[in-house]
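Please keep the structure in view while reading.

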Amino acid sequence: MRILLLLPFLQLGFAAQVPLLPISPASAPQISMATDFALTESENALSPKDMLTLPRPGAPLPNDIGDLAIVPITTYSFQDRKSHKSLSIVALGDGYTYDIPLPDGGDAFWLDSRTIAHVVTKDDTQSLYTIPISTSPLSSDPSSHVGTFPITTASAFRYNPSAQRLMFSAYVYPDGLVETVKEQDMAYENRGDSGLVYDETFERQWDTWVGPKSKALIGVSLTKVGAKWVLGQTYVNVLKGTGLSSPVEPFGEADDYDISQTHVIFTAKDPQLPKAMHTRQNIYLVAHDGKDLRQLTSGIQGATHSPVFSPSGDKVAWLELALDGHESDRAKVVIYDLNKDVRFTITEDWDRSPDSIIFSPSSTLIYATTGDHARIKIFAMAVPPTPPSNTAQTTQPTALTFSGSISGFTPIPGGRATFALSSLTSPNEVYELSGLEATEQDLLAGRNADAKATLKRLTSFSSAGLQGKDLSPGKDFWFKGTAEGQDTHGYVITPPGFERGVNGKWPAVMLIHGGPESAWYDQWSTRWNPNVFASQGYVVVAINPTGSTSFGQEFTDGINKNWGGRPIQDLLMGWRYILQEYPEIDQNRTVAAGASYGGYAINWIQGNPELGFGFKALVCHDGVFDTTYNGYATDELFFFNHEWGGRPWEPAAFEASRKYSPAYTVAKWSTPQLTIHSSKDYRLPEGDGIAVFHALQQLGVPSRLLIFTDENHWVINAGNSLKWHHEVFRWFDQFIGLS
């Protein structure tokens, strides 16, 4: 019924999608691509090369007294084709910075308020150094060698100064011993064959074939004796003999565990369940010596994330998803009172899904980094009194920030917090939020605390590289989509020089996000950056259709078993809305591109020209071709099983996935399409991209295939990324031009 309401919009006079023509199977055209094509590079345009060579700051890590923070920075140079690492020391408060080059890269973290630990891997050896820091003026002294680890895979470091305990993650063999890893590595590498044998999944995940090693959490003493730091020689694998592995691969890091003076809390996959078919992760508590392992979760939940200790030490908290198998279920904040042995949920009625949490220094608040209406904000919520038994409670979270996207939020002394914030117009910069003591008092008293905190930007890492660039902050638009009771959101990002009133001048591109449970946020990206597309002369339309996150769980779950239905209709409705609202767009010069689910959507639009999008060229990056087959071929089998309501051969899942499979629409394909895929993409294996290309070639549809043999689901290498952008924009230019 909703689609019928849009029929009057058909009077807008859409240019039809390239018409379906009878083509001989043997008449695949030879495409003559322009040899003189060049990407737009100018003082006011953000070219792909500009974007790729900007500094890439990580999140700030403050010291214990809150006057300094360290920020890891990576900067790529096309001159020597290398990524250069450095560490920026930021004076919190005034934002003064001091940079330490790290020619060998490595991980850095604080040992005390004036000592940085630096772990470097070089010449098959991983060593720990200390870097002393002075503040008058801000500077560093030469580094000192502390000790060498028996392995080379140590990462995700956490140090507890009270316990003088260093924890880290490392790969170990089934014996659980770090001391035997190098010897076993040599034996494995010289075993005389390359065969890999599996009796259970995962056999491969993300971009790596699973080998005999798994991640473990390792503890070792790290003490200061006089002016010298001493690394202990006894390493304790707190997971040894448990069948558990943490951090959880492929993306788990230090946020998968936390360390107190006596214990470690961590999340790990349930060892009793096939890992590729389930998302269930339990929360465990274990002493530093590996004894007294306790499971704190119920054992019937889904995934868990972000386990943290309260500074008071009497509580822990984590994020918990209810449904096993649903990786995008709503994450709820759960608190466990260690003294009273009571577990309780405090966000039962909050229709948002936090990404990470942390306690306030007083342990009376929890701060949650949370997506909300296409921004990633900080919310604060009071920790309620512990109830008498395991139960659910309602705490009203309060937003403290309202724009951009935040990461690495860390409270520091003096009622302050520091974090990284990016936006559509800027990579990460360090910010400070002050006035949190008043916020805490208001929240604990049940008062509104929205306007109490003060936001201050401290750094300008990318200011020089962005100087003079005409970047669009993005304009929100809302339209009536398929969802009941709420509008659907999108961004319009306009190119340099864009002005209203000059009708029919500008080409436009629709970008379709992946996930599918993800979103276009007010956030910087070095892969799909809307301002890079805009700087090449396109009006960019980025819609958050059904299935997107940050708009409530019902909206996210609306894509279930409906990939080619409601989300595609939302894209169509939003596209029609924009063409009506922006007559400056030349409707005869429109294109679309998407990755992952967005690539699926491109293939689905390709096979359903009657929808009337009117695109003259398409780009599919790592997209699904045969939806049903993907349920067999993907690494994470639980994803298909949830998205389609069962395993791919089961009747309901088979019917739903086949109904929305682009593979069964090939006879209607006719729009020129560039297909991009990567050989190490095990989430959506490259056979899908090759199949799409083969179909287009046999139909005689103008088509091109770009393969990266060394990339995964994402194109990470800067040189490959530049090639990616060149081919995408050259493809668009071939069919709609910019002149």
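The paragraphs below take up these topics in turn.

The model is predicted, with local features requiring pLDDT of at least 70, side-chain atom pairs counting only at pLDDT 80 or more, and totals for chains, interfaces and linings using all residues. Residues are numbered from 1 along each chain as its sequence is written, and side-chain values use heavy atoms, with hydrogens and water left out.

An open sheet is built from five strands in the order β22-β23-β24-β25-β29, with mixed pairing. Because β22 (304–309) and β29 (391–392) each have a single partner strand, they stand at the edges, and one side of each is left without a neighbour in the sheet. Strands here are DSSP runs of E with at least two residues, and helices are runs of H or I with at least four, numbered from the N terminus; two strands pair if DSSP finds at least two bridges between them. Within the sheet, β23 (residues 315–321) and β24 (residues 331–337) run antiparallel and are joined by seven bridges. Glu320 has Lys332 in β24 as its bridge partner.

The whole structure contains four cavities of 30 Å³ or more. On a 1 Å grid over the protein atoms alone, a cavity is a set of points where a 1.4 Å probe fits but cannot get out, whereas a pocket is an open set with protein on both sides within 12 Å along at least five of seven lines; lining residues have an atom within 4 Å of a point. Grid points are joined across faces, edges and corners, and a volume is the space filled by probe spheres set on the points. The largest cavity has a volume of about 80 Å³, and its lining includes Arg527, Trp528, His621, His713 and Trp714. The largest share of that lining, three residues, comes from α14.

The second largest pocket has a volume of about 1100 Å³. Of its 40 lining residues, Val210, Gly211, Lys213, Ser214 and Lys275 are the closest to its centre. β15 gives the most to this lining, with three residues.

Ile716 lies in the loop between β42 (703–708) and α14 (718–736). Ile716 is classed as partly exposed because its relative accessible area is 46%, where buried means under 20%, exposed over 50% and partly exposed in between (1.4 Å probe, protein chains only). Thr35, in the loop between α1 (2–5) and α2 (48–53), is exposed, with a relative accessible area of 79%. The C-alpha atoms of Thr35 and Trp528 are separated by 25 Å, and the two residues are 493 apart along the chain.
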